[in-house]
Amino acid sequence: MGILDNKKIIVMGVANKRSIAWGCAQEMTKQGAEIIYTYQNERMKKSVSRLVNDDSRLIECDVATDESIDNAFNEIKEKFGKVDGIVHAIAYARKEELEGSILNSTRDGYALAQDVSAYSLLAVAKSAHKLDLLNSPASIVTLTYFGSERAVPSYNVMGVAKAALEANVRYLARDMGQFGVRVNAISAGAMKTLAVTGIGGHADLLKESEDRTVDHESVTLEEVGGTCAFLMSTLSTGVVGDTIYVDKGVHLI
């Protein structure tokens with residue numbers, strides 16, 4: 001018996017086997033969940049297909065457009081029925097926006113980071129509610145990072161976007177609670193993912209983060225995924241609108 005037996009959960013944002021989204025999917029599967037994956041485009045589908053053998057569980061969804069989100073969620077509802085949760089693990093900023101000073105940021109680059117990394121959570125929640133995709137109770141979990149609170153070197157516009165994302169979590173939690181939907185965030189410690197390697201000086205960031213953990217070892221995908229499984233389960237019904245740190249204490253110092 002697992003804590004997610006008979007639960008259907010959408011995971012958005014798997015890029016490869018090092019993705020936090022993949023770690024979440026793996027741990028939720030161990031707990032009995034049925035996972036449905038979304039991918040941005042055909043190029044990303046090829047990457048996800050290497051990990052997921054069943055193509056019927058892969059649904060195209062580009063969170064930059066409301067139409068794509070609606071189409072994806074309609075397809076999911078037709079194929080799988082209503083679901084019990086959504087993992088939103090999507091963020092993007094141009095590489096040149098994640099180097100050096102935030103004074104180098106551009107208006108377009110700033111807006112793009114906000115749209116894909118922060119507004120997309122609102123768009124996903126709005127579409128799921130409009131299309132009556134979520135059961136009651138249900139859970140939405142998104143992924144954030146400590147750079148939302150502290151000026152992490154080179155994180156720049158992504159740090160600002162993550163701060164907005166965390167505010168979105170609080171407002172969504174307030175407004176979706178009446179429908180039986182809980183909304184929370186996981187602030188994961190730095191680890192070598194595709195997203196992190198796009199940050200200028202990422203090797204130094206990873207080393208610094210590892211040095212600041214209480215046991216001087218980086219957090220793992222399994223540890224983050226385990227917390228996600230907990231937040232998707234009925235064990236966490238009292239956790240609402242919160243940001244849970246899974247970084248082995250880095251945020252304490």
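Analyst: Helices (H or I, at least four residues) and strands (E, at least two) are DSSP runs, numbered from the N terminus. The model is predicted: local features need pLDDT of at least 70, side-chain atom pairs count only at pLDDT 80 or more, and totals for chains, interfaces and linings use all residues. Residues are numbered from 1 along each chain as its sequence is written, and side-chain values use heavy atoms, with hydrogens and water left out.

Ser 187 belongs to strand β6, residues 181–188. Ser 187 is buried because its relative accessibility is 1% (buried means under 20% relative accessible area, with a 1.4 Å probe and protein chains only). Leaving aside residues up to four places away in sequence, Ser 187 touches Thr 144, Tyr 145, Phe 146, Thr 243, Ile 244, Tyr 245, Val 246 and Asp 247 (contact means heavy atoms within 4.5 Å). For Phe 146, the backbone nitrogen is 3.5 Å from a polar atom of the Ser 187 side chain.

Strand β2, residues 34–39, is largely enclosed by the rest of the structure, because five of its six residues are buried. Strand β1 (residues 8–12) runs parallel to β2 and is joined to β2 by five bridges (two strands pair if DSSP finds at least two bridges between them). In this pairing, Ile 10 is opposite Ile 36 of β2. Between β1 and β2 the chain passes through helix α1 (residues 20–30), in a right-handed β-α-β crossover (clockwise from the first strand over the helix to the second, with the strands pointing away from the viewer).

β2 also pairs with strand β3 (residues 58–60), in the parallel sense over three bridges. Here Tyr 39 is opposite Glu 60 of β3.

Notes. Buried means under 20% relative accessible area, exposed over 50%, partly exposed in between (1.4 Å probe, protein chains only). A polar contact is a pair of N or O atoms within 3.5 Å; within protein, one must be able to donate a hydrogen and the other to accept it, and residues adjacent in sequence count only if both atoms are side-chain atoms.
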